[in-house]
Amino acid sequence: WRPSARAELCVHPKKVDELAAWLNGVRVDVELGLTPSSRVCVLSGPTGSGKTAMVRVLAEELGFELVSWSPPRSLEALDGCGYGESRLREFETYMRTATRVGGLTLRAAPARSPASGLPAQGAGAHAPRQQLRLL
C-alpha cells in the first residue's frame, strides 16, 4: 500500500508543507526560465519514516515526473568475467542516463486526466512536466 494523498501521509504536516514549498519554488523558477536557487533537497530520517512516500505524493500533486534510482539488491548483472557492477558504477550509469533528459527541466510528457489519471486525449495533451530525481 502506498499513500496517494497528503492526508494519507504519516509525516508531520509542517514537514510536508516545507517540502511542497521548496518544490513549488523550484517549479516557479524553472517555469520563469531561471536557474533554481536550490537544486538539491536532502531529506533525512529513519527507514520507514515516510520520506519517499512524501516525495511521491507531492511530485504527483505538483505535476513532477519522478525519476528514481534504487541500488539493485542482487548481483544478477554480471560482466564477462563473472563480476557484478559496483554500486558506484551503477550510480554513475544512472546519473549519466538521467542527465541526458535533464533534471528539474521542462520536458514534454503526456498530461493526465484529473478524473481518471490516464493520459489526456486531444489538443494540448502533451503538457510539459518538470522532472524530479529521487536518489
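## Briefing on a predicted protein chain

Residues are numbered from 1 along each chain as its sequence is written. Because the model is predicted, local features need pLDDT of at least 70 and side-chain atom pairs count only at pLDDT 80 or more, while totals for chains, interfaces and linings use all residues, and side-chain values use heavy atoms, with hydrogens and water left out.

**Confidence**
- The mean pLDDT (the predictor's confidence in each residue, from 0 to 100) of the protein chain is 74, and 63% of its residues reach 70 or more.
- Over residues 101–111 pLDDT stays under 50, although the model has 43 contacts beyond four places in sequence for them, a contact meaning heavy atoms within 4.5 Å.
- Where pLDDT is low, the predicted coordinates should not be read in detail.

**Helix 1 and helix 2**
- Lys15, Val16, Leu19, Ala20, Leu23, Asn24 and Arg27 in helix 1 meet Met54, Val55, Leu58 and Leu62 in helix 2.

**Whole chain**
- Of the 135 residues, 26% count as buried, that is, under 20% relative accessible area with a 1.4 Å probe, protein chains only.
- Of the contacts with a separation of 6 or more, 57% are between residues 24 or more positions apart.

Note on methods. Helix = DSSP H or I, 4+ residues; strand = E, 2+ residues; numbered from the N terminus. Buried < 20%, exposed > 50% of the residue type's maximum accessible area, 1.4 Å probe, protein only.
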